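Student: I'd like a close look at a single part of this model, and then how the parts around it are put together. Could you take me through it in one go?

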Amino acid sequence: MLIAGFPAGAWGTNCYLVAPAAGEECVIIDPGHQAAEGVEETLRKHRLKPVAVVLTHGHIDHVASVVPVCGAHDVPAWIHPADRYMMSDPEKALGRSIGMPLMGELTVGEPDDVHELTDGAALKLAGLEMTVRHAPGHTKGSVTFGLPEAADIPPVFFSGDLLFAGSIGRTDLPGGDMTEMLDSLARVCLPLDDSTVVLSGHGPQTTIGRERATNPYLREVAAGRGDGDNAAPRRGM
C-alpha cells in the first residue's frame, strides 16, 4: 500500500493520498489550504490517478482545495451531511471572519459532485475499503477513516481532528462539544488495536498504543473519567 502525505497551507493541515500501490488509482484525503499544487506533485511522483476526495470534516483548513482538485480530475467529494454547509460558508463554520486576504486565495463552494458519508459505511474506492466512523466533537460532522491491516502495513486510522499525537481536537468553535468529543474518543479510538497507525489532520503520526499510554485525554477516557478538564492544549482550527 502507498500512503503519501504532506502538510499544506497556513495551518499545516495534513493531506494524504492513498493507493494500493504506485501507478494505480488513489483517494485524496483532506486537500486543504494551498494543497492543490502538492496534490499534483504527489500524483506525478507516484503516477497516481485520483478517483475521489474524502473529507474528515468541513473546516476550511481541510477543504479549501476541494473545488480545484475535484474539478481538475472530475472526481466526487465525500463529506458528512452535518458538515456539508461548511464548504460554501466557511466563516459561519468558524463563528468569525477568517480574514479577507486569506479569503481572496480560496475557491469557496461545493464541487460538482458531492456524496454524503454515513457512520459505519465501507467506502470501496481505488481498490481500497475504508471504514467510516462518525466522530463528532470537533465538528458535528467529523468522521474518521480506517484501513485494515495489509501485508506490508499495520491498520491505519485517519483521525482528522479527533485525535493527535499527545492531544485532541479543539471543541470551542461552532459545532464543537467536549462531551461528544470524549464519547467519540471512547467509542471510535479505544477499541482500536495498539498497533494501529494514527495519521491525523495536523502534526506527526503516532499509534493508538502510544496515545493510550501517554495522551492525557485518551487516558482519562480509558479510566472512565474524561471530564475534559485537562491542561494539555487542544489543536486544530
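Student: What is the relative accessible area of Arg 84?

Tutor: Happy to! Arg 84 has a relative accessible area of 24%, which means that the residue is partly exposed; that class lies between buried (under 20%) and exposed (over 50%), with a 1.4 Å probe and protein chains only. Two notes on the model before we go on. Each chain is numbered from 1 as its sequence is written, and side-chain values use heavy atoms, without hydrogens and water. The model is predicted, with local features taken at pLDDT of at least 70 and side-chain atom pairs at pLDDT 80 or more, while totals for chains, interfaces and linings use all residues.

Glu 116 sits in strand S6 (residues 114-116) and Arg 84 in the loop between S5 and helix H4 (90-94), so their pairing ties together parts that are 32 residues apart in sequence. In general, side chains of opposite charge can pair when their charged atoms come close.

In total, the structure holds 7 salt bridges. One of them links Arg 187 to Asp 183, with the closest N and O atoms 3.3 Å apart. Both residues belong to helix H6 (residues 178-189), and their spacing of 4 residues separates them by about one helical turn. Arg 187 is partly exposed at 29%, and Asp 183 is partly exposed at 42%. Another salt bridge joins Arg 170 and Asp 172, where the closest N and O atoms are 2.7 Å apart. Of that pair, Arg 170 counts as partly exposed at 24%, whereas Asp 172 is exposed at 56%.

Helix H6 also leads us to the sheet. H6 lies across S8, S9 and strand S10 (156-160), at about 145 degrees to S8; axes are lines fitted to C-alpha atoms, for helices over the stretch in contact, and angles between N-to-C directions run from 0 to 180 degrees. The open sheet is made of 6 strands in the order S7-S8-S9-S10-S13-S14, with mixed pairing. Its edges are strand S7 (122-125) and strand S14 (206-207), each with a single partner strand, so one side of each has no neighbour in the sheet. S7 pairs with S8 in the antiparallel sense over 4 bridges, pairing being called when DSSP finds at least two bridges between strands. Across that pair, Lys 124 stands opposite Glu 129 in S8.

Finally, follow the loop between strand S8 (128-134) and strand S9 (143-147), which holds Ser 142. Ser 142 is buried, at 6% relative accessibility. Its side chain makes a polar contact of 2.7 Å with the side chain of Thr 139; this means N or O atoms within 3.5 Å, within protein one able to donate a hydrogen and the other to accept it, with residues adjacent in sequence counted only if both atoms are side-chain atoms. Leaving out residues up to four places away in sequence, Ser 142 touches several others, including His 57, Asp 83 and Arg 133, where contact means heavy atoms within 4.5 Å.

How values were computed. Helix = DSSP H or I, 4+ residues; strand = E, 2+ residues; numbered from the N terminus. Salt bridge = Lys/Arg side-chain N within 4 Å of Asp/Glu carboxyl O.
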